[in-house]
Amino acid sequence: MAVSTSTSTLPLLFLHRSTASPNPSALSFASSLRASPLRSRASASAAPPAETLADDLPSDTPPVGEGSGIPMPSSIGEDGEELAPKQKIRIKLRSYWVPLIEDSCKQIIEAAKTTNAKTMGPVPLPTKKRIYCVLNSPHVHKDSRFHFEIRTHQRLIDIMYPTAQTIDSLMQLQLPAGVDVEVKL
């Protein structure tokens, strides 16, 4: 198969022959393929020019680049103490049975809300599955096996701004025996 070159198609990339090694400064594009201005022709008619956008801004707004609304690391530390809670109680519940863990979550949230503490949750965490494989018969039927699994359901509750009354009401709760409670301050 013969490849013919025609003068009607322009190659995408020209290499200057003045340098021995090709480097990025030696590469040039055909004039028809050079990058056009940032605004395309269609968007140029739809959007106002940049000068009119700058004139429409109120005089009290800082110029672009200054005071862009992103807090600097030094300013985060000053305001962070006011925004972050002083203390938080994190309660993690685990159970094998879903209705038990849901009832326990409702009791904890009701006890916290009666003392005007803010609650976040319950957040369902991923269920852990432990699968046990047991041989059906050790001698003849070695390929026959039983599979047993234990699913551990987990919930997470955060209590923000707890008071002494909140802690007392949480201590007096009678939770079912099938629920494991882990409390972190």
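# Briefing on a predicted single-chain model

The side chains of Asp 180 and Arg 94 meet in a salt bridge, with N and O 3.0 Å apart. This pair links distant parts of the chain, since Asp 180 belongs to strand β6 and Arg 94 to strand β3, and the two residues are 86 apart. The structure is a predicted model, and a search of the whole of it finds six salt bridges. The points below begin with the overall layout and then turn to particular places.

**Overall layout**

- The secondary structure of the chain comes to five helices and six strands, and these elements follow one another along the sequence in the pattern β-β-α-α-α-β-α-β-β-α-β.
- Of the 185 residues in the chain, 17% are buried, while the chain exposes about 15100 Å², of which carbon and sulfur atoms supply 59%.
- When contacts between residues at least 6 apart in sequence are considered, 68% of them join residues at least 24 apart.

**Salt bridges around Arg 94**

- Side chains of opposite charge can pair when their charged atoms come close.
- Besides its bridge to Asp 180, Arg 94 forms a salt bridge with Glu 182, and here the closest N and O atoms are 3.0 Å apart.
- Because Glu 182 lies in strand β6 and Arg 94 in strand β3, this second pair ties together parts that are 88 residues apart in sequence.
- Arg 94 counts as partly exposed at 22% relative accessibility, and its two partners are partly exposed as well, Asp 180 with a relative accessible area of 38% and Glu 182 with one of 26%.

- Glu 102 and Arg 155 meet through their side chains in a salt bridge, at 2.8 Å from N to O.
- Glu 102 lies in helix α4, which covers residues 98–114, and Arg 155 lies in strand β5, so the pair ties together parts that are 53 residues apart in sequence.
- Elsewhere, salt bridges that share partners join Arg 94, Asp 180, Glu 182 and Lys 184 into one network.

**The largest pocket**

- The largest pocket has a volume of about 230 Å³, and its lining is made by Ile 89, Ile 91, Ile 108, Ile 167, Leu 170, Met 171, Leu 173, Leu 175, Val 181, Val 183 and Leu 185.
- The elements that give two or more residues to this lining are β3 (88–95), α5 (164–171) and β6 (179–184), and α5 gives the most, with three residues.

**Strand β4 and its surroundings**

- Tyr 132, Val 134, Phe 146 and Phe 148 make a nonpolar surface patch of about 380 Å², to which β4 (118–135) and β5 (145–160) each supply at least two residues.
- Val 134, one of the residues of this patch, lies in strand β4 and counts as partly exposed at 38% relative accessibility.
- Lys 118 also lies in strand β4 and is exposed, with a relative accessible area of 52%.
- Although Lys 118 and Ile 159 are 41 residues apart along the chain, their C-alpha atoms are separated by 5.8 Å.
- Leaving aside residues up to four places away in sequence, Lys 118 touches Asp 158, Ile 159 and Met 160.

**Backbone details**

- The peptide bond from Gly 121 to Pro 122 is cis, with omega near 5°, and Pro 122 lies in strand β4.
- Asn 116 has a positive phi of about 60° although it is not a glycine; this residue is found in the loop between α4 and β4 and is exposed, with a relative accessible area of 72%.
- Tyr 161, which is not a glycine either, has a positive phi of about 55°; the place of Tyr 161 is in the loop between β5 and α5, and at 46% relative accessibility Tyr 161 counts as partly exposed.

How values were computed
Residues are numbered from 1 along each chain as its sequence is written. This is a predicted model: local features need pLDDT of at least 70, side-chain atom pairs count only at pLDDT 80 or more; totals for chains, interfaces and linings use all residues. Side-chain values use heavy atoms; hydrogens and water are left out. Patches are made of residues with over 30% relative accessible area and no salt bridge: like charges are joined within 9 Å, nonpolar side chains (Val, Leu, Ile, Met, Phe, Trp, Tyr) within 5 Å. Accessible areas come from the Shrake-Rupley method with a 1.4 Å probe; for residues, only the protein chains shown count as cover. A salt bridge is a side-chain nitrogen of Lys or Arg within 4 Å of a carboxyl oxygen of Asp or Glu. Helices (H or I, at least four residues) and strands (E, at least two) are DSSP runs, numbered from the N terminus. Buried means under 20% relative accessible area, exposed over 50%, partly exposed in between (1.4 Å probe, protein chains only). Contact means heavy atoms within 4.5 Å. On a 1 Å grid over the protein atoms alone, a cavity is a set of points where a 1.4 Å probe fits but cannot get out, and a pocket is an open set with protein on both sides within 12 Å along at least five of seven lines; lining residues have an atom within 4 Å of a point. Grid points are joined across faces, edges and corners, and a volume is the space filled by probe spheres set on the points.
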